[in-house]
Amino acid sequence: MQKDFLVLGHPGVCMTWEEAKAYFPVVQGDESLVREIWERIEYWPWLFIWHILLSF
Amino acid sequence: MTQEERYQARLRRYTTALRNGKPDMVPIRPFVAEFVAKYAGVSIQAATHDYRVAFEACLRCAGDFDWDAVVPNMIYVWTGLVQAIGLKYYGIPGLDLPENVAFQYKEPPEEHAFMRPDEYDLLIADPTDYLLNVWLPRVSNFIKPPSEKVTVEHNLALLKGGMAMMEYFNALGGLVQELRTRCGTVAAISGMLKAPLDILADKLRGYYGLVSDLHARPEKVLAACEALMPHLFLIALDGADPTKNVPIAFWMHRGCVPFINPEHFRKIYWPTVKPMVEELWKRGHQVLFYAEGNWDYHLEAFRELPPGSIVYHVDKGDIFRVHRVLGDRFCLSGGLPNDLLALGTPEEVRAYCKKLIDGVARDGGYIMDAGAIIQDDAKVENVRAMTEFTREYGQY
């Protein structure tokens with residue numbers, strides 16, 4: 001039986017927010033906002049490395 | 001007719017054929033690569049190392065030839081970026097190669113493959129981590145692994161590489177717009193997909209390494225392909241046309257018989273490609289199967305895909321057979337031999353185009369193109385003959 005590829009791994013980020021939280025043990029404000037922006041910026045290095053593999 | 005009216009007419013023609021319908025005439029969509037440099041009178045080095053030169057050459061061709069769609073820069077590897085990162089697997093025109101030789105891939109011998117056979121578990125556990133921390137330092141002359149001291153060259157390569165990639169992709173968006181406003185020409189594709197098995201061969205294990213692994217550790221190869229799928233899928237989706245008009249290009253390399261055997265295709269290659277294509281189609285994106293080489297052995301497998309979900313491009317395959325097997329389900333493109341464009345006469349090109357139109361385009365669902373990307377060996381008069389004849393004879 002083929003695995004459902006849509007739920008495998010963490011495509012779109014290099015370092016997940018769960019891993020990154022070790023560097024920010026206390027978030028005094030809205031953690032969901034911090035997470036959202038973290039993941040949005042994480043997308044760029046992820047895109048970079050995968051495009052090096054696939055396009056360059 | 002304004003450029004926008006021309007663009008809209010071409011877009012209708014192209015997308016009608018893509019959906020396997022019959023437009024007003026056979027669309028023309030040549031995958032012109034180094035040909036554009038030759039036509040514009042610039043060196044291949046200039047077009048490859050300075051993408052702005054390639055873009056201008058592409059626009060000049062699109063303006064001069066009556067083509068419905070072209071790929072925005074089929075000289076897709078900007079070697080300036082490659083050099084900034086110090087990628088070892090390229091031969092760069094004007095640097096490692098004579099200035100009028102197209103860029104080349106250099107595959108290391110099996111014993112020096114960029115990924116070692118005992119590293120499958122690392123790749124499977126976290127493909128992105130493996131690529132960043134193991135693979136990239138191996139393929140770059142400048143970038144260091146986490147275990148080594150960073151250098152000025154390391155820092156600069158990452159900074160320059162990231163910024164350069166952003167510059168290039170942003171510029172590509174501008175080219176798509178200029179093709180529309182200056183030439184009335186449609187950007188033929190948007191986004192890209194590759195097969196997990198091909199990626200293992202192309203950039204990680206090398207072809208020989210992969211073939212050894214398919215026999216020695218097939219379960220690891222399958223698991224690695226499955227681990228790559230979510231990332232390849234997201235890359236395809238990221239670059240896809242938001243208007244869902246033009247297809248995502250699926251560049252097919254060495255996943256066919258006889259590069260691999262039928263069992264490996266059936267058990268590994270196809271089960272890790274088909275679900276991605278089906279999911280993209282569910283989300284409204286067509287995929288263009290750029291079947292480089294000859295994939296005729298696998299036509300029945302491709303028939304399993306939903307009607308209209310792909311466009312099937314023929315290179316060395318028998319396009320008349322492909323039409324018999326797939327023509328009721330999918331649009332076809334290509335089939336004009338590249339050696340004819342390079343070595344034939346305009347009369348021979350016209351005769352072959354007639355054969356193609358008569359054989360596969362009578363009911364629509366066909367787009368005129370060469371079998372493979374058109375490089376600088378193609379004669380200008382032959383490309384012109386393909387274009388003019390298709391316009392004259394390809395009316396419905």
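**Close-ups of a predicted two-chain model**

**View 1. A strand-to-strand link in chain B.** Look for Leu193(B), whose bridge partner in strand 6 of chain B is Phe250(B). This is a predicted model, so treat each view here as a look at a prediction. The Leu193(B)–Phe250(B) pairing belongs with the two bridges that join strand 5 (residues 192-193) of chain B to strand 6 of chain B, and these two strands run parallel.

**View 2. Strand 6 of chain B and what surrounds it.** Strand 6 of chain B covers residues 248-252, and four of these five residues are buried, so the strand is largely enclosed by the rest of the structure. Turn to strand 7 (residues 287-291) of chain B and you'll find five bridges pairing it with strand 6 of chain B, again in the parallel sense. Met252(B) has its bridge partner in strand 7 of chain B, namely Ala291(B).

**View 3. Helix 4 of chain B and its packing.** Here's helix 4 (residues 51-64) of chain B: 14 residues, reaching 20 Å from the first C-alpha to the last, close to the 20 Å expected at 1.5 Å a residue.

View 4. In helix 10 (residues 206-216) of chain B, Gly206(B), Gly209(B), Leu210(B) and Leu214(B) are buried. Seen down the helix axis, these buried residues fall within an arc of 140°, so they line one face of the helix. On the other side, His215(B) and Ala216(B) are exposed. As for neighbours, the buried residues of helix 10 of chain B pack against helix 9 (196-204), helix 11 (218-239) and helix 12 (262-269) of chain B.

**View 5. Where chain A meets chain B.** The contact draws on 20 residues from chain A and 28 residues from chain B. On the side of chain A that touches chain B, you'll find 14 nonpolar residues, five polar ones and one charged.

Definitions and conventions. Residues are numbered from 1 along each chain as its sequence is written. Chains are lettered from A and ligands numbered from 1 in the order in which they are written. This is a predicted model: local features need pLDDT of at least 70, side-chain atom pairs count only at pLDDT 80 or more; totals for chains, interfaces and linings use all residues. Two residues are in contact if their C-beta atoms, placed from the backbone, lie within 7 Å. Ala, Val, Leu, Ile, Met, Phe, Trp, Tyr, Cys and Pro count as nonpolar, Asp, Glu, Lys and Arg as charged, and the others, Gly among them, as polar. A residue is buried if 20 or more other C-beta atoms lie within 10 Å of its own, exposed if 12 or fewer, and partly exposed in between; C-beta atoms are placed from the backbone. Helices (H or I, at least four residues) and strands (E, at least two) are DSSP runs, numbered from the N terminus. Two strands pair if DSSP finds at least two bridges between them. The expected span of a helix is 1.5 Å times one less than its number of residues. The arc is that of the directions from the helix axis to the C-beta atoms.
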